[in-house]
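Please walk me through this structure, chain by chain.

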Amino acid sequence: MSSMGMTRNSMAANATLHCLTGCAIGEIVGLMVGTALGFSAAVTIALAVGLAFLFGYALSTLPLLKAGLSFFGALSVVFAADTLSIVVMELVDNLVMAVIPGAMDGGLVNPIFWVGMMIALSTAFVAAFPVNRYLMDKGKGHALTHQYHHHGDHTGHGGAQEQERSGQPHHG
Amino acid sequence: MDTKTLAAGIVGFLLGGLVVSIAAEIENDDARQPAHGSATQLQITARPTT
């Protein structure tokens, strides 16, 4: 594989990890609250998905706000960059949790819940990676947010897509 | 905060939850079963001596 391909893979992996981190926080909190309070599987999944989107967007919005963008400007960039990735992650994550027997209704003291969560999040990463790679190749997805980050924060970033867009005006 | 630090925190949290839940499961199993041997009680009958 060429070094450019490896760099893009590594960028896509970083983007997927970044997305997954926000999703995972919301997902774990949602599933824990729903399971602890004895909600039905459907309500628990709805809560987890809602919180995953909230945390996923929040985690991407904060660095853009620090970079000087307005709140709605940052939000519009993040919506465009993260939505597809989060949707894929949430679909896979909740599907895996739903099909693992006992993962949703065993309670927090059931080891299957925690093992299921690990399997679901790992599968979501694997599923979302090609999506982020594809979006990055098209100059979309996390490629949209890279131009707002400080270069020192993201070593290894700055491939052909970023060089191409260096002359473009900022979004928002 | 760095993404990798957050991701490591999530992994640690999940592992912690797994360890605690396994400990709780073992505790429950101990409470359900007697400390030694099987759960069925032995029936001992004394045969009268002639």
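Residues 151-172 of chain A stay under 50 in pLDDT, the predictor's confidence in each residue, from 0 to 100. For this stretch the model has 30 contacts beyond four places in sequence. Two residues are in contact if their C-beta atoms, placed from the backbone, lie within 7 Å. This is a predicted model, in which local features need pLDDT of at least 70 and side-chain atom pairs count only at pLDDT 80 or more, while totals for chains, interfaces and linings use all residues. Residues are numbered from 1 along each chain as its sequence is written, and chains are lettered from A and ligands numbered from 1 in the order in which they are written.

The mean pLDDT of chain A is 81, and 81% of its residues reach 70 or more. Chain B averages 80, with 74% of the residues scoring at least 70. For the model, ipTM is 0.73 and pTM is 0.74.

Now the layout of chain A. It has six helices and zero strands. Helices (H or I, at least four residues) and strands (E, at least two) are DSSP runs, numbered from the N terminus. Along the sequence the pattern reads α-α-α-α-α-α. Among contacts in chain A between residues at least 6 apart in sequence, 68% join residues at least 24 apart.

How much of chain A is buried? Of its 172 residues, 41% count as buried. A residue is buried if 20 or more other C-beta atoms lie within 10 Å of its own, exposed if 12 or fewer, and partly exposed in between, with C-beta atoms placed from the backbone.

The largest nonpolar core has 44 residues. Such a core is a set of buried Ala, Val, Leu, Ile, Met, Phe, Trp, Tyr and Cys residues joined through C-beta atoms within 7 Å. Leu20(A), Met89(A) and Ala128(A) touch the most other members. At least two core residues come from each of H1, helix H2 (41-66), helix H3 (71-99), H4 and helix H5 (143-146) of chain A. H4(A) gives the most, with 11 residues. In soluble globular proteins, nonpolar side chains tend to be buried together. Look at Leu20(A): leaving out residues up to four places away in sequence, it touches Met89(A), Leu121(A), Ala124(A), Phe125(A) and Ala128(A).

Val92(A) lies in helix H3 of chain A. Is Val92(A) buried or partly exposed? With 18 other C-beta atoms within 10 Å, Val92(A) is partly exposed. Beyond four places in sequence, Val92(A) is in contact with Thr123(A), Ala124(A) and Ala127(A).

Follow H4(A) next. Its 27 residues should span 39 Å at 1.5 Å a residue, the expected span being 1.5 Å times one less than the number of residues. The end C-alpha atoms of H4(A) are 40 Å apart, which agrees. Still, H4(A) has a kink of about 30 degrees at Ala128(A), shortly before the proline Pro130(A). The bend at a residue is the angle between axes fitted to the seven residues ending there and the seven starting there. Just after H4(A), Gly139(A) takes a positive phi of about 75 degrees.

Chain B has one helix and zero strands. Helix H1 (residues 3-32) of chain B has 30 residues. From first C-alpha to last, H1(B) reaches 44 Å, close to the 44 Å expected. Why does H1(B) lie largely in the open? Of its 30 residues, the number buried is two, so H1(B) lies largely in the open. Across the 50 residues of chain B, buried ones make up 4%.

Finally, see where the chains meet. The contact takes 14 residues from chain A and 11 residues from chain B. On the side of chain A that touches chain B, helix H1 (3-36) and helix H4 (111-137) of chain A each supply at least two residues. The largest share, six residues, comes from H4(A). By class, this side of chain A has 11 nonpolar, three polar and no charged residues. Ala, Val, Leu, Ile, Met, Phe, Trp, Tyr, Cys and Pro count as nonpolar, Asp, Glu, Lys and Arg as charged, and the others, Gly among them, as polar.

Trp114(A) is found in helix H4 of chain A. Leaving aside neighbours within four places in sequence, Trp114(A) is in contact with Leu14(B), Gly17(B), Leu18(B) and Ser21(B). Trp114(A) counts as buried, with 24 C-beta neighbours inside 10 Å.
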